[in-house]
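This report describes selected residues and covalent links in the structure shown below.

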Amino acid sequence: GYPELPTAVNITWSSINFKTILQWQPKPSGYFYTVEIHGQTSDTKKKCILTTETECDVTDVLGNVKETYTAHILSVTSSGMDNFEEPPFAVSEKFTPYSQTVLGKPEVQNYTQKGSKLTVVFQDPLTPYTFPNGSFQNIRDIFQHDLEYKLYYWKDQSSGKKDATTKSHEFEVSVDSTKNYCFYIQGNIPSRKENRNGQESVVNCTSIGRNILDEYGAEVFIIIAVIAIAVITLAIVLTVILCKRKKAKAAREKEPLNGV
């Protein structure tokens with residue numbers, strides 16, 4: 001029979017855009033791990049056979065993304081896989097890719113602010129799954145009408161956010177034509193109970209000719225004004241002093257010399 005081998009603990013699923021990694025502990029010493037993926041309707045599939053690692057990429061055996069899976073992590077010796085006796089194993093929590101994978105960051109392709117219109121064009125994150133022609137599917141190909149995106153935007157250097165929603169690849173929102181705006185995009189699956197919101201895209205900001213006040217703020221202008229007033233005041237005071245000294249000197253020069 002099998003020796004008393006340790007079994008895996010702290011088993012977790014980590015999945016972004018359907019790329020799914022199974023992780024666990026502890027690091028094996030004197031034995032190996034083999035991962036079995038059990039689906040509700042699909043055949044059991046083995047991955048990462050006789051590995052000494054504590055993670056396994058199981059993306060390719062979760063092809064039916066709407067199926068619910070569990071992972072059995074077997075603890076085996078090098079020859080243990082040939083035995084008929086079942087080795088010790090640990091069982092993961094259930095995992096359904098369609099409802100649990102995290103939506104990755106959308107990629108902003110371009111954006112423009114013309115007049116009072118801010119237009120943002122973006123593309124869907126890709127998944128590891130491919131079409132028959134070899135091209136990669138994106139998350140919209142899988143989620144279809146369940147997927148929507150939100151644009152969060154705000155005046156540059158302001159904290160008040162507005163948002164807009166779309167099911168297309170483009171946003172067009174009304175803005176103040178005299179102000180620059182910053183924004184980010186986030187995928188969303190409203191039908192989900194958990195993991196509804198995806199990762200946020202990189203924040204971008206428009207530039208419609210920022211003036212110095214927008215760039216540095218009013219505080220800098222106040223400091224500059226105070227310094228300017230101080231310089232002007234000092235110049236006036238020095239001028240007055242010099243004028244008085246000059247007048248005094250001229251008056252002394254006009255006085256007759258004593259004893260002449």
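## Disulfide of Cys182 and Cys205

In this predicted model, the sulfur atoms of Cys182 and Cys205 lie 1.9 Å apart and form a disulfide. The bond joins distant parts of the chain: Cys182 belongs to strand β15 (residues 181-188) and Cys205 to strand β17 (residues 204-205), 23 residues apart. The link is right-handed, with 105 degrees about the S-S bond.

Cys182 is buried, at a relative accessible area of 4%, whereas Cys205 is partly exposed at 34%.

## Disulfide of Cys48 and Cys56

The model has 2 disulfides. Besides the link described above, a disulfide connects Cys48 with Cys56, with an S to S distance of 2.0 Å. The torsion about this S-S bond is about 95 degrees, so the disulfide is right-handed. Cys48 is partly exposed, with a relative accessible area of 26%, while Cys56 is buried at 2%.

With the bonded cysteines numbered in sequence order, the pairing reads 1-2, 3-4.

## Gln113 in strand β8

Gln113 is located in strand β8 (residues 107-114) and is buried, with 12% relative accessibility. Its side chain makes a polar contact with the side chain of Thr206 at 2.5 Å and reaches the backbone oxygen of Lys179 at 2.7 Å.

Beyond residues up to four places away in sequence, Gln113 touches several others, including Leu118, Val175, Tyr181 and Ile208.

## Asn17 in a loop

Asn17 occupies the loop between β1 (9-16) and β2 (19-25). Asn17 has a relative accessible area of 12%; this is under 20%, so the residue counts as buried. Leaving aside neighbours within four places in sequence, its contacts include Thr101, Leu103, Pro125 and Ile139.

Conventions. Residues numbered from 1 in each chain as written. Predicted model: local features only at pLDDT ≥ 70, side-chain atom pairs only at ≥ 80, totals over all residues. Heavy atoms only, no water. Helix = DSSP H or I, 4+ residues; strand = E, 2+ residues; numbered from the N terminus. Buried < 20%, exposed > 50% of the residue type's maximum accessible area, 1.4 Å probe, protein only. Contact = heavy atoms within 4.5 Å. Polar contact = N/O pair within 3.5 Å; in protein donor to acceptor, adjacent residues only side chain to side chain. Disulfide = S-S within 2.5 Å.
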